[in-house]
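Trainee: I have a structure to read. Please show me how to go about it.

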Amino acid sequence: MSVASGVDRAVEHVDVLIVGAGLSGIGAAHHIATKTPWLTFAILEGRDAIGGTWDLFRYPGVRSDSDMFTLGYGFRPWNGENSIADGASIRDYIRETAAEDGTDQRIRFGHKVRTAAWSSDDALWHVTAELVSTGESVELTCRFLYSCTGYYRYDRGHLPEFPGYDDFDGTIVHPQFWPDDLDYAGKRVVVIGSGATAVTLVPAMAETAGHVTMLQRSPTYIASAPAKNPLNRGGPNGRWARSGLRWALAIGGVAGYQFSRRRPETVRKLLRKGVAKRLPEGYDIDTHFTPAYDPWDQRMCMVPDGDLFTAISEGRASVVTDHIETFTPAGIRLASGEELEADVIVTATGLEMLFLGGIELTVDDEAVDPSTRLTYRGTMIEGVPNLAFAFGYTNASWTLKCELSCDYVTRVLTRMRETGLRQCTPVHSGTEVEPLPFVDLTSGYVQRSVQSFPKQGDAFPWQVHQNYLRDYRAMRLKGLEDDVLRLSNPTPIHTSATPAGPALTGSRPR
């Protein structure tokens with residue numbers, strides 16, 4: 001009997017419970033199914049669809065900000081023509097992967113996980129989820145909990161308190177909640193922000209709007225990238241070619257990042273030169289496209305085929321760098337005294353970060369405050385047994401790190417089976433470790449919330465490497481043995497290894 005029916009109140013059990021059916025969750029399901037096939041698993045998804053970020057965001061032009069050959073799965077290489085793909089194509093890719101694996105049959109939609117309580121006595125997580133449609137609570141148990149909830153709140157985005165906000169007579173939209181019926185054709189649009197969302201929205205809206213202005217407090221580094229990678233090859237050996245391209249791009253990304261950190265002034269000049277080539281002669285690049293920070297202190301914005309610069313050059317879009325004094329009935333008045341008239345204002349002002357999707361954790365009746373704990377290999381939490389989380393790179397594609405984490409988790413689960421031990425816990429003892437922010441970007445959305453995230457340390461395995469090659473060696477090529485991850489809690493002889501109770505079967509997406 002389905003828990004969602006509200007009839008059968010028996011506590012259901014699976015070996016592995018994955019939270020989230022987005023890019024990370026569907027990838028985790030594949031690794032669990034193929035590398036630990038003796039384990040039962042299910043996916044709980046708070047929304048009513050597969051895709052996570054790529055289903056939630058529906059604003060004009062939404063697209064990847066990494067190349068799809070590294071953002072796509074290693075086990076199912078991206079086969080699209082575009083290296084920078086639109087949101088709908090990415091959503092379809094995730095859904096097709098889930099259908100091909102059969103993991104779409106294991107998803108429980110409309111299940112928002114609220115709490116997870118670990119009991120060492122029975123080596124189980126006791127999980128409480130809320131049925132979004134009714135507000136009812138359901139309980140489940142699992143041996144291992146895998147959080148693939150992303151890093152931000154889905155129910156709201158960041159919106160500063162703008163003076164005069166309610167005085168504006170036009171339409172105000174936040175990209176996270178884009179209305180299907182918004183008509184901006186021929187209208188004056190102001191997009192507040194300069195991050196990845198803003199630089200995506202501006203050229204997309206400029207195709208039909210009267211004019212689009214990107215209003216920013218300070219510039220962001222923006223680089224043009226080919227929409228279609230010239231190295232992409234199809235044909236009968238296309239899969240192997242795309243796998244090779246994935247490796248080449250991953251290695252190139254590491255090299256580019258390292259060069260940026262070691263020679264920031266050189267990279268600044270190269271980026272500025274690239275912008276200058278795509279904008280009209282005499283354009284004020286120093287004001288609008290020259291940040292005060294070093295490259296990769298914040299995430300780099302990529303624009304396919306320089307579409308943002310094209311829109312500016314053709315006069316369909318413009319950039320204003322200033323501070324907002326107040327909203328007015330007709331638009332926005334700036335600190336300089338200039339007034340921007342608008343019919344539509346888009347507040348591309350960022351996200352609110354949220355660790356583990358807000359799940360409240362307890363371990364043996366003790367509440368866990370993640371902000372006081374260290375992260376182990378960027379995948380587990382100090383002192384928290386049998387729990388992993390997916391968190392990708394900030395300087396490269398999200399999926400590269402998530403798949404390394406998946407592989408590592410399945411290796412640990414296999415070792416637990418081999419040893420007959422039911423509990424794996426990262427334990428910090430011995431060498432002193434200096435706690436550092438888990439995410440080291442200076443971006444506003446990070447600085448607003450990073451204090452609520454766990455910390456990383458200044459030495460491995462507590463340190464979070466922003467380096468795919470180092471992580472690949474440490475998480476895939478080396479053994480599991482170290483002085484940190486402790487396997488314990490053998491199965492009692494007088495009990496069954498798996499509690500009685502029906503396994504989750506899931507429901508099909510609506």
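Mentor: Start with residue classes: Ala, Val, Leu, Ile, Met, Phe, Trp, Tyr, Cys and Pro count as nonpolar, Asp, Glu, Lys and Arg as charged, and the others, Gly among them, as polar. This is a predicted model, in which local features need pLDDT of at least 70, side-chain atom pairs count only at pLDDT 80 or more, and totals for chains, interfaces and linings use all residues. Residues are numbered from 1 along each chain as its sequence is written, and side-chain values use heavy atoms, without hydrogens and water.

Trainee: How do the residues of the lining of the second largest pocket divide?

Mentor: A pocket is an open set of points on a 1 Å grid over the protein atoms alone, with protein on both sides within 12 Å along at least five of seven lines; lining residues have an atom within 4 Å of a point. Here the lining holds 20 nonpolar, twelve polar and four charged residues. The pocket's space is about 890 Å³, as filled by probe spheres set on the points. Of its 36 lining residues, Ala223, Ala225, Gly253, Trp296 and Met302 are closest to the centre.

Trainee: Which helix gives the largest share of that lining?

Mentor: Helices are DSSP runs (H or I, at least four residues), numbered from the N terminus. Helix α6 gives the largest share, nine residues.

Trainee: Which residues have the most contacts inside the largest nonpolar core?

Mentor: A nonpolar core joins buried (under 20% relative accessible area, 1.4 Å probe, protein chains only) Ala, Val, Leu, Ile, Met, Phe, Trp, Tyr and Cys residues through side-chain atoms within 4.5 Å. This core has 131 residues, and Trp125, Val191 and Phe289 have the most contacts inside it. Helix α10 (residues 398–419) gives the most to this core, ten residues.

How values were computed:
1 Å grid on protein atoms, 1.4 Å probe; cavity = no way out; pocket = protein on both sides within 12 Å on 5 of 7 lines; lining within 4 Å. Helix = DSSP H or I, 4+ residues; strand = E, 2+ residues; numbered from the N terminus. Buried < 20%, exposed > 50% of the residue type's maximum accessible area, 1.4 Å probe, protein only.
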